[in-house]
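Please consult the sequence and the structure while reading.

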Amino acid sequence: LIVTNNLRLGYTPTTATTCSSTLSLTNGGFVWVMGNIIDGGLSTNVINVSGAGSHLKVGGYLGRDYSVNEQPLDELNLTNATLTLTLSAAITPDNPVGSVTNLNIATALTINLEGAGFGFGQYPLIKYYSGAIGGDGYPVVSLGTEPPGAQGYLSNNTARASIDYVVTNVLAAKWTGAVNGDWDIATTANWVDSISGTPTTY
């Protein structure tokens with residue numbers, strides 16, 4: 001399933017109306033939301049991703065608090081799953097990629113990262129307002145693919161209750177045209193890392 005805009009869970013038009021919702025991906029299911037996944041607020045909204053090959057990809061924010069009727073996602077359950085998030089320079093400790101009340105992780109979770117326009121630093125990926133990760137917790141979390149040109153590691157920031165991406169190296173690409181004259185993105189190795197000299201894509 002591909003959603004080309006935002007996905008709103010449990011839309012709540014007024015404080016007198018509630019509508020709960022659950023999005024479940026199992027056994028290899030794939031959902032790509034190109035925009036934001038928004039919690040409609042007041043109701044209980046849950047995302048479950050479980051089973052080998054199950055993958056949730058988000059191009060914007062996940063469960064953000066946009067207004068009085070839109071809250072952090074109530075519950076995010078990730079079991080033997082893959083989660084792809086998009087990072088940008090706008091992400092700060094007070095502006096994380098994802099905001100959830102209860103975060104539960106079991107068996108294994110691979111976090112892939114996309115995005116551009118950021119430098120060295122620590123970027124919060126998932127803020128969990130409960131203060132602790134349920135299930136098997138952070139030890140079963142691993143970093144998958146990283147944004148082009150960035151290198152770093154994941155960290156469980158217990159002081160701020162968030163899983164963070166710490167950028168330790170930003171590669172600078174230099175044009176060589178060694179393969180051909182195509183100036184494309186993430187396709188042709190017409191560039192080299194200016195530090196190591198290793199051929200790379202832009």
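Q: Leaving aside neighbours within four places in sequence, which residues are in contact with asparagine 190?
A: This is a predicted model, in which local features need pLDDT of at least 70, side-chain atom pairs count only at pLDDT 80 or more, and totals for chains, interfaces and linings use all residues. Residues are numbered from 1 along each chain as its sequence is written, and side-chain values use heavy atoms, with hydrogens and water left out. Contact means heavy atoms within 4.5 Å. On that basis the partners of asparagine 190 are Lys174, Trp175, Thr176, Gly177, Ala178, Val179, Asn180, Gly181, Asp182 and Thr200.

Q: Is asparagine 190 buried or exposed?
A: Asparagine 190 is located in the loop between strand 16 (173-175) and strand 17 (191-193); strands (E, at least two residues) and helices (H or I, at least four) are DSSP runs, numbered from the N terminus. Buried means under 20% relative accessible area, exposed over 50%, and partly exposed in between, with a 1.4 Å probe and protein chains only. Because its relative accessibility is 0%, asparagine 190 counts as buried.

Q: With which side chain does the side chain of asparagine 190 make a polar contact?
A: A polar contact is a pair of N or O atoms within 3.5 Å; within protein, one must be able to donate a hydrogen and the other to accept it, and residues adjacent in sequence count only if both atoms are side-chain atoms. At 2.7 Å, the partner is the side chain of asparagine 180.

Q: Which strands stand at the edges of the open sheet that 3 strands form?
A: Two strands pair if DSSP finds at least two bridges between them. The sheet has the order 16-17-18 with antiparallel pairing. Each edge strand has a single partner strand, so one side of it is left without a neighbour in the sheet; these are strand 16 and strand 18 (199-200).

Q: Which residue in strand 17 is the bridge partner of tryptophan 175?
A: Strand 16 and strand 17 run antiparallel and are joined by 3 bridges. In strand 17, tryptophan 175 has as its bridge partner tryptophan 191.

Q: How far apart in space are serine 155 and glycine 119, C-alpha to C-alpha?
A: Serine 155 lies in strand 14 (residues 150-157). In sequence, serine 155 and glycine 119 are 36 residues apart; in space, C-alpha to C-alpha, the separation is 17 Å.

Q: How many helices and strands does the protein have?
A: Of the 202 residues of the protein, 43% count as buried. Its secondary structure comes to 0 helices and 18 strands.
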